[in-house]
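This report describes selected features of one structure. Please view the sequence and the model alongside the text.

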Amino acid sequence: MLAKTIQVNSGGKEKNTYDAIVIGSGISGGWATKELCELGLKTLVLERGRDVQHLKDYPTMMKKPWELPHRGRMSNQFLKENPLISKAAGFGEDTAHFFIEDKDHPYVQDKPFDWIRGYQLGGKSLIWGRACQRWSKYEFEAPAKLGYGIDWPIRYEDVAPWYSHVEKFIGVCGNKDGIESMPDGEFLPPFEFNCVEKHVKQTLLKEYKNRFLVQGRWAHLSQPNEIHLKQGRGQCQARNLCMRGCPYGSYFSSNSTTLPWAAKTGNLTMRPFSVVHSIIYDELKEKATGVRIIDSKTKEVTEYFSRIIFLNASALNSNLVLLNSTSNRFPNGLGNDNDTLGKYIGFHLYRGFVNASFEGFTDKYYYVRNPTEGILANYRNLGKQEMDYVGGFTTFSAAYRTRASQPADKPQLGADYKDAISKPGPWEMYMYMQGETVPKKTNHVRLSETEKDQWGIPLLVTSVGYDDNDEKMVKDFLEQSQEMLTKAGGKILNAIDNKQPPGLDIHEMGGVRMGRDPKTSMLNQWNQLHHCKNVFVTDGACMTSTGNQSPSILYMTLTARAANHAVEEMKKGNL
Ligand SMILES: Cc1cc2nc3c(=O)[nH]c(=O)nc-3n(C[C@H](O)[C@H](O)[C@H](O)COP(=O)(O)OP(=O)(O)OC[C@H]3O[C@@H](n4cnc5c(N)ncnc54)[C@H](O)[C@@H]3O)c2cc1C
């Protein structure tokens, strides 16, 4: 990282003053940083985790399975001590260093909620799955139109140019498929479908009016453009080891892309090991003036000052920071005049999974170099409510050739066993859901009145659960996915409602929602707090509803849009 890194509390208000402060350096914070630095603002990034430099700090990126002491698994002791984090998708011996450990970061669960976190420079951008579909017009319109939420203050047309801005920079592969429920973007070439995926895609087109199984949109450089080469990134080698950190910089992360780019401007200062305690509000000036941090190692408290603040600590942590930012003017948390802060938490419904085996296709290749999955675009409740529930779901899907296995009555070791498992087995295909959930006031987070973390900050209490709408959607997904795979000639192996707690979907959202009316929302159409305009919240906390697309590219898009608006407003003297 080329940026200056503050190691000690330099003291003195002037020395600690910047044009902008960004809280958090993950997917959305990285984007705020890039845009603000490029627009000429001296920007301080406050990150609670350690420094992680691209390449240098990816210790497992080139390791072979036999070079990992436990062949990729964690020890039983670790699993016993970390029941929460070890449930996360992709967690293992090769990626554990990019996740937190349970005991270091407790929280209180009113109801079961698995809160998955990665506290380091780059946040969860190092370990995300990279799915990058655009929201459709339906998702922005549906909550108000169908009466299950307040209206978004923006529409698809407001964000479409910013999606393009982000896609071109990070690199997203995919096809232009012309599907209304999953709009096209600025794509690099997609990864190829295999023979079974092509077959199922064709079957669905024949059997249904509106079921489009397409090559997914993922933040991978399938074929880098000039801008990506300038970023120092190269072509994806389809190793499918992305979550270890990529030696080619081929998937998008803050560490490979936005932060080094911001550093090149000379406007960036990074302060890792900085746990943001609260945002400082000045009652005379009627705006926020800075941020109070606690050094995670020394516990020293320092204040930093700036004209604007971007809060990008990830959805629930941004709620926590605002709830903990109290003053005479805002005794219930910064900007919280209407008591909606922390309320209307949403997440994605990930409970349904179906798979099937397929006969035939055995003359086709059986090991595919493809780090992505196909996506069946949402086909439910488009523009009108047709089901006994609201919202829709995206279906992720892939077909793969299994390995043959040794019959159960034969020894599971030795030469015969090795022979048996080195042969290809039959094809299988899976489908799993990513469903919209309804944001409700009762689904909320708040500060614990009694318990604090090791830095003296109140613990977050999560009170988030499923409802009847979720149950109906899971049931529909399971029925429809079985029907589709059966129509394509598959034999159903499993159709499972895993009943996992919310949170494990890793798409927690809301609590600081955008809206048209300051009486019912926290943020305006530019992600500014209605009642404290120089604070912008552009991570998942800002989500008015959850939609059914993977959310992170929308966070990046809203962040870029808000950052450019902020700088325009600063130039006009409004901020
Ligand atoms: C395994 C996995 C797979 C995923 N797959 C996908 C996917 O395919 N598509 C998709 O869209 N999304 C996916 N996600 C979700 C995605 O990672 C998040 O939506 C995204 O990272 C959110 O960005 P963010 O900037 O809000 O938060 P983060 O990326 O988590 O960054 C927040 C940063 O803020 C820091 N921070 C927190 N609190 C404080 C504080 N008090 N003071 C200072 N710093 C603080 C954290 O340390 C962190 O660095 C996945 C997540 C996981 C874990």
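## Basis

This is a predicted model, in which local features need pLDDT of at least 70, side-chain atom pairs count only at pLDDT 80 or more, and totals for chains, interfaces and linings use all residues. Residues are numbered from 1 along each chain as its sequence is written.

## Helix 1 and helix 11

Helices (H or I, at least four residues) and strands (E, at least two) are DSSP runs numbered from the N terminus. The axes of helix 1 (residues 27-38) and helix 11 (residues 552-571) cross at roughly 30° and come within 9 Å; axes are lines fitted to C-alpha atoms, for helices over the stretch in contact, and angles run from 0 to 180 degrees between N-to-C directions. The two helices are therefore roughly parallel to each other, a term for angles under 35 degrees.

Contact requires C-beta atoms, placed from the backbone, within 7 Å. On helix 1, the residues that meet helix 11 include Trp31 and Leu36; on helix 11, those that meet helix 1 include Tyr555 and Met556.

## Ligand shell

Of the 41 residues around the ligand, Gly24, Gly26, Gly123, Gly129 and Ser552 come nearest; a residue is near if its C-beta atom, placed from the backbone, lies within 6 Å. Helix 1, strand 9 (274-282), helix 8 (315-323) and helix 11 each give two or more residues to this shell.

## Asp110

Asp110 lies in the loop between strand 4 (108-109) and helix 3 (137-145). Leaving aside neighbours within four places in sequence, Asp110 is in contact with Val461, Thr462 and Ser463. The C-alpha atoms of Asp110 and Met484 are separated by 38 Å.

Note on methods
Angles under 35 degrees count as roughly parallel, over 145 as roughly antiparallel, 65 to 115 as roughly perpendicular and the rest as oblique. Two residues are in contact if their C-beta atoms, placed from the backbone, lie within 7 Å.
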